[in-house]
Amino acid sequence: MTEIFGVPTQALFGQLLIGLINGSFYALLSLGLAVIFGLLNIINFTHGAQYMMGAFAAYFLLNKLGLNYWWALVAAPLAVGATGVVVERLMLSRLYKLDHLYGLLLTFGLALIIQGAFRHEYGSAGLPYSIPEILSGGTNLGFMFLPKYRAWVIVASLVVCVGTWFVIERTKLGAYLRAATENPAMVQAFGVNVPRMITLTYGFGVALAGLAGVMAAPIYQVNPLMGADTIIVVFAVVVIGGMGSIMGAVVTGFGLGIVEGLTKVFYPEASNTVIFVIMAIVLMIRPQGLFGSR
Amino acid sequence: MAEDQYKPHASRDDAAEARYDRKAFLVMMALFLVAPAVVYPVFVMKALCFALFACAFNLLLGFGGLLSFGHAMFLGMAGYVAAHAAKVWGLPPEFAILAGTAASTVLGVFAGLLAIRRQGIYFAMVTLALAQMVYFFCLQAPFTHGEDGIQAVPRGMFLGVLDLSSTTVLYYVVLAIFTAGFLLIYRVIHSPFGQVLKAIRENEPRAISLGYRTEHYKLAAFVLSAGLAGLAGATKAIVFQLASLTDVHWSMSGEVVLMTLLGGMGTIFGPVVGAFVIITMENYLAELGSWFTITQGAIFVVCVLAFRRGVIGELEAWLRRRRAG
């Protein structure tokens, strides 16, 4: 029992785990995109850069202020979310009356500025960020070795995703949010401050990206371009899932991470492209996305 | 896209518009004909290739209202095929360029069939993702030589008589290709087909209710745009004797959006102006590396927030105000 389909179990489960890790980040990032898109109708191209900023924030907190990973987990998303609030107030809020494509172009420009600035300061080589002591090492499960930190990332991202789903679908606040997605003018007429809600929603979506960045820092190196290619894959994930539902974004994110991991085992040449191929197939069969509605 | 962007063409008198376009075209051609005497010709050739690329892109965005964020796949793929045809198959340059153009046209059919199934923001994301797929293909396929690209592509004899190793001859061949592409786009925009395309851009449901099969029009525009972007890419590969991953990368897709936005979406000459500005900038800022990226980003932000008509759009608006006032 050391081989399944001619593949050593160690390798199979190892790649499955990597797939789940990648899936955690896809889920967190596409969740943030979906939350922002729901209310603002904008695809946030800066998301990848904000994910990177989260990782850098964790790095600075540790190396300049001596605040460890657990502090970073709280402080970095707040800081990155705050920059998002500023961006929304100063720039995005001017574009709501225009075609939504301008939002895409603006956030693309911002991503170029942020990534360019970080690359100018820190080069393209990654900065190391070590795993917090309590989560270093791992457990041998018999069929595979499970590093503690990776298990933590999967669990934490699941908790955050389910928590977000709960807030949006099951609480009063979430009801306001969903109502504003349907008809902002009506919600405003009921005395809810919709512009502020939009600002905070953008800030929250951005904070989710920042949180993903902190969690990614010990796994991938802290690198100015770490979000640049990831975000394109996340876009494909979003197209596959459709942006209709929060749960859809989460399920698609994890699912595609696993598919990508399995592809690495069985046909490594295609592991970079498999998500795009799936996207093409989904577009042919169900153009609105697996969980999307027209 | 936004309504204020496109009113000028609807409200302007057609005859006056044609006169204005003809004058502007003659000025542009005069400038290009004498340019090699004043400016380094290789630089102008590069800008001409990008100008054609941006014009092809603008056909889709400015007149079809479809924002493709993956046009680099056509530029880059055509470049690879043209370079491969010239170097490995030993085809003369005109056939190499045709092969590249044909390849990107075919790629355009497949990408277009998938992408037009979604609208607006999704269209942009789908094209971006498809282009990323092509990028990974080019990174791994043996004939593209991965990170090295295809180098030392022979220029050869154009049509058997024009020796492209002479920079002057090469320059005028490139200018001829650009002009042919530019005039074709102008013709398409002013044809009944172009009018239907504009109708779809303004109000797709209404165009459908008038009996137009908008899907067919959008696909045709997409394929045409892909083919012309390929023509630009194939020509560029012959001029620089190089096809590389830079031309397939997403940042190149972003660059052509920027050129069009800066010059003026939905204007005839805007993309040409935008391409020349960005290529000039790149020329001076290239050594500074990330500063070029930062500047590009800043131009994006400024254009979107305060300068949505672009250079040519603002110029047209100013001319119209002067005529009216």
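Predicted model: local features only at pLDDT ≥ 70, side-chain atom pairs only at ≥ 80, totals over all residues.
**Close-up views of a two-chain model**

**View 1. A salt bridge joins B:Lys236 to B:Asp247.** The side chains of these two residues meet with N and O 2.7 Å apart. The pair links distant parts of the chain, since B:Lys236 belongs to helix α10 of chain B while B:Asp247 sits in the loop between α10 and α11 (250-263) of chain B, 11 residues apart. As a general point, side chains of opposite charge can pair when their charged atoms come close.

**View 2. B:Glu204 and B:Lys218 form a salt bridge.** The closest N and O atoms of this pair are 3.1 Å apart.

**View 3. In chain A, A:Arg89 forms a salt bridge with A:Glu88.** The closest N and O atoms of the two residues are 3.2 Å apart. A:Glu88 has a relative accessibility of 0% and therefore counts as buried, whereas A:Arg89, with a relative accessible area of 43%, is partly exposed. Over all chains, a search of the whole structure finds 6 salt bridges.

**View 4. Chain A and chain B meet in a contact that takes 48 residues from chain A and 40 residues from chain B.** The area buried between the two chains is about 4,000 Å², and carbon and sulfur atoms give 78% of that area. On the side of chain A, the residues that lose the most area to chain B are A:Leu101, A:Tyr102 and A:Leu105, which together account for 17% of what that side buries. How many salt bridges does the rule find across the interface of chain A and chain B? The rule finds 0 salt bridges there, while the count of residue pairs in polar contact between the two chains is 7.

**View 5. Helices α4 (101-122), α9 (226-241) and α11 (274-285) of chain A each give two or more residues to the side that touches chain B.** The most comes from α4(A), with 15 residues. By class, this side of chain A has 31 nonpolar, 11 polar and 6 charged residues.

**View 6. B:Phe178 is one of the residues that touch the most other members of the largest nonpolar core.** This core has 219 residues, and B:Leu67 and B:Phe69 are named with B:Phe178 as touching the most other members. Helix α3 (residues 41-64) of chain B gives the largest share of the core, 18 residues. Leaving aside residues up to four places away in sequence, B:Phe178 touches B:Met28, B:Phe32, B:Leu48, B:Ala51, B:Leu52 and B:Val272.

**View 7. Helix α8 (residues 192-202) of chain B has buried residues that include B:Val196, B:Leu197 and B:Ile200.** B:Lys198 and B:Arg201 are also among the buried residues of this helix. The buried residues of α8(B) pack against α3, α7 (167-189), α9 (204-209) and α10 (214-240) of chain B.

**View 8. B:Thr101 lies in helix α5 (residues 93-115) of chain B.** B:Thr101 counts as buried because its relative accessibility is 15%, which is under the 20% cut-off. Apart from residues up to four places away in sequence, B:Thr101 touches B:Ala78, B:Gly227, B:Gly230, B:Leu231 and B:Ala234.

Notes: Residues numbered from 1 in each chain as written. Chains lettered and ligands numbered in written order. Heavy atoms only, no water. Contact = heavy atoms within 4.5 Å. Buried area = accessible area lost by both parts, 1.4 Å probe. Salt bridge = Lys/Arg side-chain N within 4 Å of Asp/Glu carboxyl O. Polar contact = N/O pair within 3.5 Å; in protein donor to acceptor, adjacent residues only side chain to side chain. Helix = DSSP H or I, 4+ residues; strand = E, 2+ residues; numbered from the N terminus. Nonpolar A, V, L, I, M, F, W, Y, C, P; charged D, E, K, R; others polar. Buried < 20%, exposed > 50% of the residue type's maximum accessible area, 1.4 Å probe, protein only. Core = buried A, V, L, I, M, F, W, Y, C linked by side-chain atoms within 4.5 Å.
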